[in-house]
Amino acid sequence: MRHLKGSDERVYRAVLGEASRQRGQLEMIASENFVSPAVREALGTVFTHKYAEGLPGRRYYGGCEFADQVEELARTRATELFGADHANVQPHSGAQANMAGYFAFLDPGDRILGMNLSHGGHLTHGSPVNFSGRFFEVSAYGVRESDARIDYDEVRETALRARPKMIVTGASAYPRTIEFEAFGAIAREVGAIHLCDLAHIAGLVAGGHHPSPVPHADVVTTTTHKTLRGPRGGLVMCREEHAKAIDRMVFPFIQGGPLVHVIASKAVALGEALSPGFRVYGRRVVENARLLADTLMGRGVRLVSGGTDNHLILVDLRDRDLTGKDAEQALERAGITVNKNTVPGETRSPFVTSGLRIGTPAITTRGIGPEEIRTIGGWIADILERPRDEDGIRRVRRQVGEMCAAYPLYDQLASST
């Protein structure tokens, strides 16, 4: 980064600080991960200079020969990886991928049925502060009070009453397997489009560690980061019959020129996800999450739904004199990065919350395994028991630093910064 250092010292120092933070802390936010050197390298290529509005072979600009090559690679790899008919890899984010999926089938005022945000859904699944809640009429489903799991009979009853034009599945804080086949059957029964937001578990589906929604959904959206371990961005997959409608919604309805450098990086990440090693990685992510859940529950920590089937756990702090915000801050002082999160039946503000969301994708990428997971679980439990014990927090911080040094991020994170 010699050019950045010479031209903008303040930005350079911010990058150095972030690199140091990532190297020296345990990243356990469920939606974050570390990309490979190749993915990161592709993100910084000369493709950042190129405008390429349109699709491969049908551009509105000249000079797109090589942009066509990388976008076609990304599209082909996405369809191969997930078994989809068609893929559009241009969305800049998961939210824009969802927007394309909505507007391909819906008009403003149409009704959608999505998962309640405090029960594990996402902002773009109908929150009133989001475009999805402002453009569309929203009905919601949630989880049972008894076990914090989706009740598919109740979802069906809600769908029969509400008669939505679209049913949205997927979640941002649901630690259990989602039965996409059941949702697909409900959608067909009420004549609704089934849109699946796969963002959080895309990498697990790609590796065969969670059932796929592709055979059961009309449209599948996802981010390309999180468990898929690619650059920050989105993509949309669909049945061939919907391909033109989806492509028209991405461009020109929602976006202008695609970010070709990001698409090149997506192509690299999707290629990596097709490798046998990625399947092993996904299995280890799930194993680490389950072991972490067992370790915390063994220390008396209450978990929503009593465990996990995927990459994340949701801690319920309502049995303690502790908010999610305070717990997040205490853990961050100890070098463990998580995020506060609402829990089913939440009564606190989203800026405070009664829960924590904790994930294993990034620490698994780092090489951390079962022995270390048990240790980390012990540290988290210690902090949650004594969140105001600054001496204890400093002790854990030193130990976290030692673990991070034993499992360093790839050399390029140091050498290129």
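Helices here are DSSP runs of H or I with at least four residues, strands are E runs of at least two, and both are numbered from the N terminus. Keep in mind that this is a predicted model: local features need pLDDT of at least 70, side-chain atom pairs count only at pLDDT 80 or more, and totals for chains, interfaces and linings use all residues. Residues are numbered from 1 along each chain as its sequence is written, and side-chain values use heavy atoms, leaving out hydrogens and water.

α8 covers residues 180–190, and its buried residues (under 20% relative accessible area, 1.4 Å probe, protein chains only) are Phe180, Phe183, Gly184, Ile186, Ala187 and Val190. Looking down the axis of α8, they fall within an arc of 165° (taken from the directions from the helix axis to the C-beta atoms), so they line one face of the helix.

Glu181 and Arg188 sit on the other side of α8 and are exposed, meaning over 50%. The cover over the buried residues includes β6 (137–141), α7 (152–162), β7 (166–169) and β8 (193–197).

## α15 against α16

α15 (370–385) and α16 (390–406) pack at about 160°, axes 10 Å apart. The axes are lines fitted to C-alpha atoms over the stretch in contact, with angles from 0 to 180 degrees between N-to-C directions. The pair is therefore roughly antiparallel, a label for angles over 145 degrees.

In contact terms (heavy atoms within 4.5 Å), the α15 residues include Trp379 and Ile383, and those of α16 include Val396 and Met403.

Definitions and conventions: Parallel < 35°, antiparallel > 145°, perpendicular 65-115°, else oblique.
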